[in-house]
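Keep the sequence and the 3D view at hand while reading.

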Amino acid sequence: MRKRTLLLWITAASVAGAAAFGWMTIRRGFSARDNPSAIEAYVAETARKLSIPASERNAKNPFAPTPEVLSEARAHFADHCATCHGNDGNGKTDIGQNLYPKSPDLRRSETQNLTDGEIYYIIHNGIRLTGMPAWGRPGKDDDSWKLVLFIRHLPQMTPQEMKEMEPFNPKSAAERSEEEDEQRFLNEGKDQK
Amino acid sequence: MKRMILLLAMVVLAVGAASAHGKEQHVLGKVTAITASSITVQTKAKDPVTVYTMAETKYKKSGAAASMKDLEVGDRVVIHAEKMGDKLMANEVRFGVVAKTPQQR
């Protein structure tokens with residue numbers, strides 16, 4: 001009987017504690033500027049790992065990292081991925097840093113230690129409840145496999161490669177026009193200094 | 001394919017919205033003074049404008065990564081800055097001649 005009462009008290013205290021925590025969290029408000037708590041990160045990472053079937057996790061990349069394939073993937077990454085991940089994959093972009101969770105630094109071990117199949121699966125299927133969409137058409141997706149090779153290459157990116165990516169970054173017509181005006185202004189000063 | 005185009009369009013719109021949200025000002029002119037934490041620019045309108053630098057300020061000389069030390073008085077400069085309080089804070093400082101890349105779209 002005493003054990004049962006103690007158990008009831010512990011359960012009631014736990015429920016009251018959880019309710020108080022929940023109330024305080026809701027009162028404080030939710031902002032995408034925050035970092036996910038350790039519990040959220042653990043649950044999300046575990047769910048992501050479990051959501052990738054073993055056959056997909058161990059899938060082999062059908063492409064080799066030739067200069068042609070890497071060049072194609074680099075332009076593709078600059079056009080489709082860099083808005084959130086940055087050309088060098090560090091995730092330090094206006095959008096990437098304000099997503100919840102924030103865009104990860106793709107050069108770090110958390111990404112680089114994933115298998116090729118896992119990285120492919122994430123690109124091709126996206127990650128639910130994050131800013132990562134599913135890319136490409138359902139079924140075979142060569143472009144995503146080529147992106148896997150480029151992501152593997154990110155830790156060795158050179159400044160020249162970074163520069164080559166810039167023309168492929170998405171920009172509005174107005175931004176391009178303004179950029180051209182500014183470039184002209186700088187170039188006009190070549191002999192005037 | 002339609003989904004891909006829609007997603008891309010959403011991303012492009014989001015980029016436009018994000019940069020517009022920052023209300024960046026573009027300061028173009030000749031550098032007249034440099035201190036450890038500011039750059040004064042003589043603009044075309046002849047008004048000298050002082051822009052303050054931050055640890056996060058990016059510098060680009062002729063399209064390549066550079067530092068504030070590479071900037072000299074007399075250089076033509078393009079500064080993308082944001083108003084914080086009553087100060088203009090530089091996000092990016094570009095200077096030097098830039099060759100047009102053939103693949104520029």
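B:Ser62 is partly exposed, with 14 other C-beta atoms within 10 Å. The model is a predicted one. B:Ser62 lies in the loop between strand S4 (58-61) and strand S5 (64-66) of chain B. Its phi is positive, about 50°, although B:Ser62 is not a glycine.

## Chain B as a whole

Chain B holds 1 helix and 7 strands. Along the sequence the pattern reads α-β-β-β-β-β-β-β. Chain B has 105 residues, and 17% of them count as buried. Take the contacts in chain B between residues at least 6 apart in sequence: 52% of these join residues at least 24 apart.

## Two helices that cross in chain A

Now turn to chain A. Helix H7 (residues 116-125) and helix H8 (residues 142-153) of chain A have axes that come within 9 Å and cross at roughly 125°. That angle makes H7(A) oblique to H8(A). The crossing of H7(A) and H8(A) is right-handed.

Which residues of H7(A) meet H8(A)? On the H7(A) side they are A:Asp116, A:Ile119, A:Tyr120, A:Ile123 and A:His124. On the H8(A) side they are A:Ser144, A:Trp145, A:Leu147, A:Val148 and A:Ile151. By class, this contact has 7 nonpolar, 2 polar and 1 charged residues.

## The nonpolar cores

Nonpolar side chains tend to be buried together in soluble globular proteins. Here, the largest nonpolar core has 21 residues. Those with the most contacts inside this core are A:Phe77, A:Leu147, A:Val148 and A:Ile151. Helix H4 (67-80), helix H5 (82-85), H7 and H8 of chain A each supply at least two of its residues. The largest share, 6 residues, comes from H8(A).

Look at A:Leu147. Leaving aside residues up to four places away in sequence, A:Leu147 touches A:Ala73, A:His76, A:Phe77 and A:Ile123. A second, separate core has 12 residues, including A:Leu186, B:Val51, B:Val78 and B:Leu88.

## Backbone details in chain A

A cis peptide bond joins A:Tyr100 and A:Pro101, with omega at about 0°. A:Pro101 sits in the loop between H5 and helix H6 (109-112) of chain A.

A:Leu129 belongs to the loop between H7 and H8 of chain A. Its phi is positive, about 60°, although A:Leu129 is not a glycine. Is A:Leu129 buried or exposed? A:Leu129 is exposed, because 9 other C-beta atoms lie within 10 Å.

Methods:
Residues are numbered from 1 along each chain as its sequence is written. Chains are lettered from A and ligands numbered from 1 in the order in which they are written. This is a predicted model: local features need pLDDT of at least 70, side-chain atom pairs count only at pLDDT 80 or more; totals for chains, interfaces and linings use all residues. Axes are lines fitted to C-alpha atoms, for helices over the stretch in contact, and angles run from 0 to 180 degrees between N-to-C directions. Helices (H or I, at least four residues) and strands (E, at least two) are DSSP runs, numbered from the N terminus. Angles under 35 degrees count as roughly parallel, over 145 as roughly antiparallel, 65 to 115 as roughly perpendicular and the rest as oblique. A crossing is left-handed if the near helix is turned anticlockwise from the far one by less than a right angle, and right-handed if clockwise. Two residues are in contact if their C-beta atoms, placed from the backbone, lie within 7 Å. Ala, Val, Leu, Ile, Met, Phe, Trp, Tyr, Cys and Pro count as nonpolar, Asp, Glu, Lys and Arg as charged, and the others, Gly among them, as polar. A nonpolar core is a set of buried Ala, Val, Leu, Ile, Met, Phe, Trp, Tyr and Cys residues joined through C-beta atoms within 7 Å. A residue is buried if 20 or more other C-beta atoms lie within 10 Å of its own, exposed if 12 or fewer, and partly exposed in between; C-beta atoms are placed from the backbone.
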